[in-house]
Amino acid sequence: SEEEVVVPTKARVTLFRLNENGVPIDATCMVHFSTTKNEAPSFDYNQRVLTFHCSFIHSLRQRVEIYGTKQQSIQMTDFVIPQKGKPHTYELVSQSLTDRDLFAIPTTVTVNNTNNDLSQEVLMWNNFAQYCRATDNNAEDEN
């Protein structure tokens, strides 16, 4: 069987705000995906769509929710800079219906990430330092 390849076909900003210098500081975006590059974007209910909001207006907002196509979602808080002394966790959330769809039954599984020795901020600075060293090494090699 062929492996399904999903590619973005269309991206757009649906709502935005600029600061006084014209720099985007708040944006709500949508990215549409297709299984082939030639497939025209459509607004089919079964279509894969990524929506996200990025903002510098809402300080300390560190929550992300990812909704899948199989009636499941992943919810994470403090995923950028963890709270001191607390492990990174995320929740797998799903919901099913009872016979005759009388009641919804939510299911939540909490997953603890025990491999959180370094926060994303520390990793970012470590990577930045590696890039700087690589640039310095390349400059020395050229001289």
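**An aromatic pair and an antiparallel sheet**

In this predicted model, a search of the whole structure finds one aromatic pair. The pair is formed by Trp125 and Phe128, whose rings are arranged edge-to-face, with 5.8 Å from centre to centre and an angle of 90° between the planes. The angle counts as edge-to-face because it is over 60 degrees. Both Trp125 and Phe128 belong to helix H1, which covers residues 120–142, and they are three residues apart, or about one turn of the helix. With a relative accessibility of 51%, Trp125 counts as exposed, whereas Phe128, at 46%, counts as partly exposed; the two residues are classed in this way because exposed means over 50% relative accessible area.

Turning to the strands, an open sheet is formed by four of them in the order E4-E5-E6-E7, with antiparallel pairing. Strand E4 (63–67) and strand E7 (104–113) are the edge strands, each of which pairs on one side only, and from one strand to the next the twist averages 20°. Strand E6 (residues 88–97) and E7 run antiparallel and are joined by ten bridges, and Leu92 stands opposite Val109 in E7.

Within strand E5 (residues 72–77) lies Gln75, which has a relative accessibility of 18% and therefore counts as buried, the limit for that class being under 20%. When residues up to four places away in sequence are not counted, Gln75 touches Arg63, Val64 and Glu65, together with Tyr90, Glu91 and Val93.

Note on methods: Residues are numbered from 1 along each chain as its sequence is written. This is a predicted model: local features need pLDDT of at least 70, side-chain atom pairs count only at pLDDT 80 or more; totals for chains, interfaces and linings use all residues. Side-chain values use heavy atoms; hydrogens and water are left out. Helices (H or I, at least four residues) and strands (E, at least two) are DSSP runs, numbered from the N terminus. Buried means under 20% relative accessible area, exposed over 50%, partly exposed in between (1.4 Å probe, protein chains only). Contact means heavy atoms within 4.5 Å. Rings of Phe, Tyr and Trp (its six-membered ring) pair if their centres lie within 6.5 Å; planes under 30 degrees apart count as stacked, over 60 as edge-to-face and the rest as tilted. Two strands pair if DSSP finds at least two bridges between them. Axes are lines fitted to C-alpha atoms, for helices over the stretch in contact, and angles run from 0 to 180 degrees between N-to-C directions.
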